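Please look over the model below with these notes beside it.

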Amino acid sequence: MKTLEWEDNKLKLIDQTKLPDELTYVYCNNYQDVIVAIKDMIVRGAPAIGVSAAFGMALADIEGADLNKAALEIKAARPTAVNLFWAVDRVLNSEDALTEALKMYEEDMATNRAIGKFGAEVIDDGDTVLTHCNAGALACVDYGTALGVFRAAHEQGKNINVICDETRPRGQGASLSVWEMQQENIPVKLIPDVASGFLMSQGKIDKVVIGADRIARGGVVNKVGSFMVALAAKHHNIPFYVAAPYSTFDNEISIFDTVIEERNGDEVRYYGGARICPECTEVINPAFDITPKELITGIITEKGIIDPI
């Protein structure tokens, strides 16, 4: 299934906030609807956000809105994911917004399959692989980046086992990555975020593959918790890979200059609809963290595996 589709001049999105219990869809009729979908994480994952933003620009063009104004508003929806800025600027500089968005849609699927092909080269038969957050088909148009690597290895007939961190506070690993692997009949187990280091110490993890929201000079930005996984992997000499397309690269800045999105504290105060702390508890809720390049074994791209920049 596709995370997003263009139907009758509307953007159709899987509502990822309802998974894994409900497979429902949201329709964006204008670019403001796309902004809400990105902010509320109805659509999430850097590549999916980028292509959704491109269609948001197409909707703005169809409704006759000021494209420069729409571009600024869409870019403000989530400030950390570089694909968002890349996609908006690409459409803004194109001759036809919808044609460019549809082109990016097709490119994303081809790119992810290429990432999967190259990434599968580092996955051995019998490996147990760990991932953090969701960098699967749901984070892209289809197939996925980190989970695309696992899909490709599985399609090659390799026997692999996948371990998914919960990825608190929103639980994308539990609700999305586990669900995706189950749909593909790839063996998968869920662990608490705090358990990955212990499993590594027991020799139960062979490789780590995560996605990325931004890659720049000095390292990678990904869902908060990635840095701790990378530290544990380095300590236990476990290869730690990042899978991402070149559209996620930002060669103009240092990774440490990235603006890290701070999200609503209620994401931490409540879990599964239940309050888990005293009322009015102060919260620090960064959506992402930074993994420095010395902790990264390699970056799996659609053109091959490269060293961190």
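This is a predicted model: local features need pLDDT of at least 70, side-chain atom pairs count only at pLDDT 80 or more; totals for chains, interfaces and linings use all residues.

1. Check the backbone after the helix. Gly157 follows H6 with a positive phi, near 90 degrees.

2. Next, the rings. The structure holds 3 aromatic pairs. One of them joins Trp6 and Phe55: the ring centres are 5.1 Å apart and the planes meet at 10 degrees, so this pair is stacked. The cut-off for stacking is under 30 degrees. Trp6 sits in strand E1 (residues 4-7) and Phe55 in helix H2 (residues 46-62), so the contact ties together parts 49 residues apart in sequence.

3. Is Phe55 buried or exposed? Its relative accessibility is 0%, so Phe55 counts as buried. The limit for that label is under 20%. Phe55 also pairs with Tyr105: the centres are 6.1 Å apart and the planes stand at 70 degrees, so the geometry is edge-to-face. Here the cut-off is over 60 degrees. Tyr105 belongs to helix H5 (residues 97-119), and the pair links distant parts of the chain, 50 residues apart. Tyr105 is buried, as is Phe55.

4. Taken together, Trp6, Phe55 and Tyr105 form one aromatic cluster. Phe55 has a stacked contact with Trp6 and an edge-to-face contact with Tyr105.

5. The charged end of Arg168 sits over the ring of Tyr271, 4.3 Å from the ring centre. Lys303 lies over the face of Tyr246, with 5.2 Å to the ring centre. The distance cut-off for this contact is within 6 Å.

6. The largest cavity holds about 220 Å³ of space. Its lining has 25 residues, and Arg44, Gly45, Ala46, Asn134 and Asp213 are the closest to its centre. H2 and strand E9 (219-223) are the elements that give two or more residues to this lining.

7. Look at the lining by class. The largest cavity is lined by 12 nonpolar, 7 polar and 6 charged residues. Arg44 and Asp213, among the residues closest to the centre, count as charged.

Notes
Residues are numbered from 1 along each chain as its sequence is written. Side-chain values use heavy atoms; hydrogens and water are left out. Rings of Phe, Tyr and Trp (its six-membered ring) pair if their centres lie within 6.5 Å; planes under 30 degrees apart count as stacked, over 60 as edge-to-face and the rest as tilted. Helices (H or I, at least four residues) and strands (E, at least two) are DSSP runs, numbered from the N terminus. Buried means under 20% relative accessible area, exposed over 50%, partly exposed in between (1.4 Å probe, protein chains only). A charge sits over a ring if NZ of Lys or CZ of Arg is within 6 Å of the ring centre and within 35 degrees of the ring normal. On a 1 Å grid over the protein atoms alone, a cavity is a set of points where a 1.4 Å probe fits but cannot get out, and a pocket is an open set with protein on both sides within 12 Å along at least five of seven lines; lining residues have an atom within 4 Å of a point. Grid points are joined across faces, edges and corners, and a volume is the space filled by probe spheres set on the points.
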